[in-house]
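The sequence and the structure come first.

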Amino acid sequence: MTPFCLSTFAERTGLLLVLFASLLLMLTLLFITFGKRGNRLAWIVNAAVFLLFFNVFIILCAEHSYIFKGYPLVFHSPISISLLWCTAFMLGLYGIGGIVIRWHKRYRVIDRNSIKEAMDSLPAAVCYFTEKGMVKLCNLQMYRLFYALSQSDLQSLSELHAALAECDAHTGIIRLSDDEPVYLFPSGKAWLFTENKVWPGNGSAYTETVFYDVTELYEKRLEIEAQTEKLRELGRNIRRLSENVVAMTKEEEMLSFKTALHDRMGAGLMAARQVLLQNRPPKEMDALIRDWQRSVALVKQDNDALADRGELNGLMRDAEAIGVDIRIDGELPQGSDALGVFLGALRESLTNCVRHANATELRASVMHNEESHTLVITNNGRAPKEKIMPRGGLANLTKRVIHLGGTIDIQSLPEFKLTITIPIERGFLQ
């Protein structure tokens, strides 16, 4: 077996290069394992192996230099070059294996560095403070946000509170709501701030502060608010259209009512003519004259009414002209949509009670509470023979009540009763 000193120049040079590379791998392994818990004995062994082979490398380098320059050898290593090659390769493989093992263990062993790396990878900004308010553990995202708030580094919990309290003054960062600590940064991101006390179990309490990225929720909220405003505008347009439809329906009903009165007056004139020609008893003449006077009074009041008269007064005069007494128990709601609905219900009930029930009295009860207005209408006429189905004016009245978020109940038996409830709060369409 050829010793190192008698081997060729190429063999000696190759061996020294491989041994130098193996020593570099061992040195890297020492740096990786330095200071790690549970690796103290292994690190000492690796350091001893490194020093041993480092001395061997120095001796072989000196011997190789003497041989290359032709100096006489004072000492030459008796170890064969084949054994040195195997040792160098074994040392290199040991270094590579140790590095690979440590690389894989770094993902399975939890230490301070792994905890810090995990926190830095979080999308949220997280920081823990001691009982005295000093920073214990903080990730990079929290440092970035705090620097945007105060243009300085985070040192204590009081600094964070002060920066949040003064953020609107000079940083351009806006707190979106007084109820929720959501802050809008100039970058367009919205962050929700929370603060809690945590007890890890060692007897000490820590303050946990977290900023959550709620940008997507904030943008969705803006989109919903825009859509809500469009719905409000659409609701207002529908409301105006509904009021116009109700007004047109009311005009049509009044026209029909007046036409019937005019027909009634014509019939009265014909009846009076026949009574006069046929010389009938005075009692028939008195009844005919009273009926005729009511019709004339109604038409006269409608033609001579002032433009600014109230709708309720007009309704009462119309009822008086046709011989119906309207009694209202309670105060009608003023300055609200419920007033228009209730007056429309009274006028529709007045028309129907004369046309179908032959009533002489219309009773209305108005009730209020914190949530709604309620109107109950009855009359002293004949009870309906069958269930009343909303048609014509009642159908339009029903649509208007539903549009305002209210309810309408039409009772047919044992007597007619109309109940309408209108909520005071009308939601986002108001």
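Helices (H or I, at least four residues) and strands (E, at least two) are DSSP runs, numbered from the N terminus. In those terms, Asn139 lies in the loop between β2 and α5. The model is predicted: local features need pLDDT of at least 70, side-chain atom pairs count only at pLDDT 80 or more, and totals for chains, interfaces and linings use all residues. Residues are numbered from 1 along each chain as its sequence is written, and side-chain values use heavy atoms, with hydrogens and water left out.

Asn139 counts as buried because its relative accessibility is 0% (buried means under 20% relative accessible area, exposed over 50%, partly exposed in between, with a 1.4 Å probe and protein chains only). Its side chain takes part in two polar contacts, listed below. A polar contact is a pair of N or O atoms within 3.5 Å; within protein, one must be able to donate a hydrogen and the other to accept it, and residues adjacent in sequence count only if both atoms are side-chain atoms.

| Backbone atom | Distance to the Asn139 side chain |
|---|---|
| Met119 oxygen | 3.1 Å |
| Val126 nitrogen | 3.0 Å |

The open sheet has six strands in the order β2-β1-β6-β5-β4-β3, with antiparallel pairing (two strands pair if DSSP finds at least two bridges between them). β2 (135–138) and β3 (174–175) are at the edges with a single partner strand each, so one side of each has no neighbour in the sheet. β3 pairs with β4 (residues 182–184) over two bridges, and Ile174 stands opposite Leu184 in β4.
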